[in-house]
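Open the structure in your viewer and keep the selection tool ready. We will go stop by stop.

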Amino acid sequence: MELGPWLDGEPGRKGVIEVEEWAEIRRLHRAEGLSIKAIGRRLKIARNTVRDALRSDEPPRYQRSPAGSAVDAVEPRIRELLAEFPAMPATVIAERIGWERGMTILRDRVAELRPLFVAPDPCQRTCYAPGELAQWDLWQPAVDIPLGFGQHARLWVVSGVSGFSRLHGGWMVPSRAGHDVCGGMLHVFEQFGAVPRTAVWDQEGCIGAWRGGRQVLTGEFQAFRGMLGMGVRLCAPNDPEAKGMVERTHHYYETSFLPGRRFDDVEDFNRQFTGWLRRANQRIHATTRRRPSEAIWEDRGAMMPFPPVLPDPSRRFTVRLPRDHYVRVDTNDYSVNPRFVGRRIEVRVTLEEVIANCDGTEVARHHRCLARHQSLLHPDHARVLRAMRAEQLVAAAFADAVEERDLADYDRALGVA
């Protein structure tokens, strides 16, 4: 192959030199100390060509003069359109300029020219200090979870990734309500072993949103993070790169955890998921080149310890127990001890249970049902209800057995007859 035009007026081969000859010229001059004249005589190469090879710091390369393209003729018109409409698609540009050739070369030229008219939007690679923050998001696995009573649904997983160690955790929750999401976060904190100083969240309805140029958190989440002493940073609108770590873990879950798995219920999902996470966190991370399960020790040392009293994100409400002795949570009705009908009942809803109390006495405890429109009667409450009905029957029978005296007997006893 002929490489580069190296021309001179000396005898010998001129104008053509190959990489092997260029390397040999430099070896003869630097290693053996031959002169330019001697090198030219040995290799039968003109002396000026030898001089050029010794002066060059790079090997000769074949350079082909660029051929013209059919797009060159319409490039000025493309620039005019992009200057006025930087986001105009290549297909629309083709229509505007009357392009009748192949679209591939036009798309390539538009892709080269568009950055000249669009402000750059670079993203930076961020380094995190130990314990600094964790990114959070809600992930909805593409799998139907059995809820009981023949019902299925696709539920949400609260997932978090620590910025420094890249340790990732998650917990499936019944809903996207604030009390459920905060409860899921507590489980992930337990997987971390401590509390990161800052939580990065998207603008979830149960967390908060940007209003008037500042982030406004919900009262429920303010109370939760206040108990932990944790800061919160909401991502700005249209900024998906702000929590790219946790977004990438969702793709990882979908390709490495979900395939080939079946789940009996939410508890079974969490059991399988947490077991798999322990193994996944032992793999070497592609970015940090460390195992998250080992890096978390340094990360955890800079995080905040758990407070003496953990926040209780349970949903709480008070209701007067109606005659049918049921309370409604979401779309389901849960029975309460019927002896407390008419009294004020305090209901607490956790991730797993529905608990009712009256003046400090527990009057109901149910496993939380995730199916919809169900009436759940506890066996103890059914027994109490049967006992109360039996007592009513006995009282009615006793009332019928009481003797009814004639009023004339009272008149004679009082001497008024």
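Start with the whole protein. Take the contacts between residues at least 6 apart in sequence: 60% of them join residues at least 24 apart. Contact here means heavy atoms within 4.5 Å. This is a predicted model, where local features need pLDDT of at least 70, side-chain atom pairs count only at pLDDT 80 or more, and totals for chains, interfaces and linings use all residues. Residues are numbered from 1 along each chain as its sequence is written, and side-chain values use heavy atoms, with hydrogens and water left out.

Color by secondary structure. The protein has 13 helices and 18 strands. These are DSSP runs, numbered from the N terminus: helices are H or I with at least four residues, strands are E with at least two. Of the 417 residues, 40% are buried. Buried means under 20% relative accessible area, exposed means over 50%, and partly exposed lies in between (1.4 Å probe, protein chains only). Now show the surface. Its accessible area comes to about 24600 Å², and 51% of that belongs to carbon and sulfur atoms. Such areas come from the Shrake-Rupley method with a 1.4 Å probe; for residues, only the protein chains shown count as cover.

**Stop 1: strands 6 and 7**

Select 156-162 and 168-173, which are strand 6 and strand 7. They form a hairpin with five residues between them. Click Arg166 in the turn: its phi is positive, about 65°. The two strands run antiparallel and are joined by six bridges. Strands pair if DSSP finds at least two bridges between them.

Is strand 7 enclosed or open to the outside? Six of its six residues are buried, so the rest of the structure largely encloses strand 7. In a regular strand the side chains alternate between the two faces of the sheet. On one side of strand 7 sit His168, Gly170 and Met172; on the other sit Gly169, Trp171 and Val173. Both faces are covered.

**Stop 2: helix 9**

Select 244-256. This is helix 9, with 13 residues. From first C-alpha to last, helix 9 reaches 18 Å, close to the 18 Å expected at 1.5 Å a residue. The expected span is 1.5 Å times one less than the number of residues. Show the side chains of Gly244, Met245, Val246, Thr249, His250 and Tyr253: these are the buried residues of helix 9. What do they pack against? Their partners are strand 3 (133-139), strand 6, strand 7 and helix 10 (266-280).

**Stop 3: the cysteines**

Search the whole structure for disulfides and you find zero. A disulfide here is a pair of cysteine sulfur atoms within 2.5 Å. Select Cys206: the nearest cysteine sulfur, that of Cys182, is 6.8 Å away. Cys206 is buried, with a relative accessible area of 11%. Next, click Cys235, which is also buried, at 4%.

**Stop 4**

Zoom in on strand 15 (residues 344-349). Four bridges join strand 15 to strand 16, and Val349 stands opposite Val354 in strand 16. Then follow the chain to the loop between strand 16 (353-358) and strand 17 (361-367), where Asp359 is found. Its phi is near 55°, a positive value in a residue other than glycine. Asp359 is exposed, at 66% relative accessible area.

**Stop 5**

Select strands 13, 14 and 18. Their open sheet has the order 13-14-18 and mixed pairing. Strand 13 and strand 18 (375-376) are the edge strands. Strand 13 and strand 14 run antiparallel, joined by four bridges; Arg328 has Asp333 as its bridge partner in strand 14. Asp330 is in the loop between strand 13 (326-329) and strand 14 (332-335). Asp330 is not a glycine, yet its phi is positive, about 60°.

**Last stop: His381**

Select His381 in helix 12 (residues 379-401). His381 is buried, with 6% relative accessible area. Which residues does His381 contact, leaving aside its neighbours within four places in sequence? Show Ser335, Val336, Asn337, Pro338, Val363, Ala364 and His366.
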